[in-house]
Amino acid sequence: MWGEIVVSVSCHCENVVLEFAKLPSYIRDCDCPMCNRLGALWGDFLLSEVIVSSTIPTKTYEWGNGDYVMHHCPQCGCSTHYTPTQLAKNKEIVINLRMLARKELEQIPIDQA
Ligand SMILES: [Zn+2]
């Protein structure tokens, strides 16, 4: 049901692992107050395209109008992804692709939106 998993990224301590079939065609470098602080580069995925696993549950942070929840590892502190709440229009999971190796990351065009 998940299709073929070929990409796997994790936080630094490998507690949080995200697996998916293929890399997105572009990366979003979001210019909001939250993402500027995180230094994250985001990839958008359908919820059904990603498997998220963690031994210790992620810590979450909600801000703004509450349509998304940010997740980070409680052990190493890495910002790993954010997920939609019931308020979100787009039911996407968004992954911090800074967890990729630099060589892989540099092959994906960045959309400064
Ligand atoms: Zn971690």
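Predicted model: local features only at pLDDT ≥ 70, side-chain atom pairs only at ≥ 80, totals over all residues.
Student: Which residues touch the most other members of the largest nonpolar core?
Tutor: This core holds 20 residues. Strands S2 (16-20), S7 (68-72) and S9 (92-96) each give two or more residues to the core. The residues that touch the most other members are Trp 42, Ile 95 and Leu 97.

Student: Which residues does Leu 97 touch, not counting those up to four places away in sequence?
Tutor: Contact here takes C-beta atoms within 7 Å. With sequence neighbours up to four places away left out, Leu 97 touches Ile 27, Leu 41, Trp 42, Gly 43 and Leu 105.

Student: How many residues of S7 are buried?
Tutor: Buried means 20 or more other C-beta atoms within 10 Å. S7 has five residues and is mostly covered. The number buried is four.

Student: Which residue stands opposite Met 70 of S7?
Tutor: S6 (residues 59-62) and S7 run antiparallel, joined by four bridges. Their hairpin has five residues between the strands, and Gly 64 there takes a positive phi near 60°. Opposite Met 70 stands Tyr 61.

Student: What stands opposite Tyr 68, in S8?
Tutor: S8 covers residues 79-84. Five bridges join S7 to S8, and the two run antiparallel. The residue opposite Tyr 68 is Pro 84.

Student: Which residue takes a positive phi in the hairpin of S7 and S8?
Tutor: Six residues lie between these two strands. The phi in question is near 85°. The residue is Gly 77.

Technical notes
Residues numbered from 1 in each chain as written. Core = buried A, V, L, I, M, F, W, Y, C linked by C-beta atoms within 7 Å. Buried ≥ 20, exposed ≤ 12 C-beta atoms within 10 Å, placed from the backbone. Contact = placed C-beta atoms within 7 Å. Pairing = 2+ DSSP bridges.
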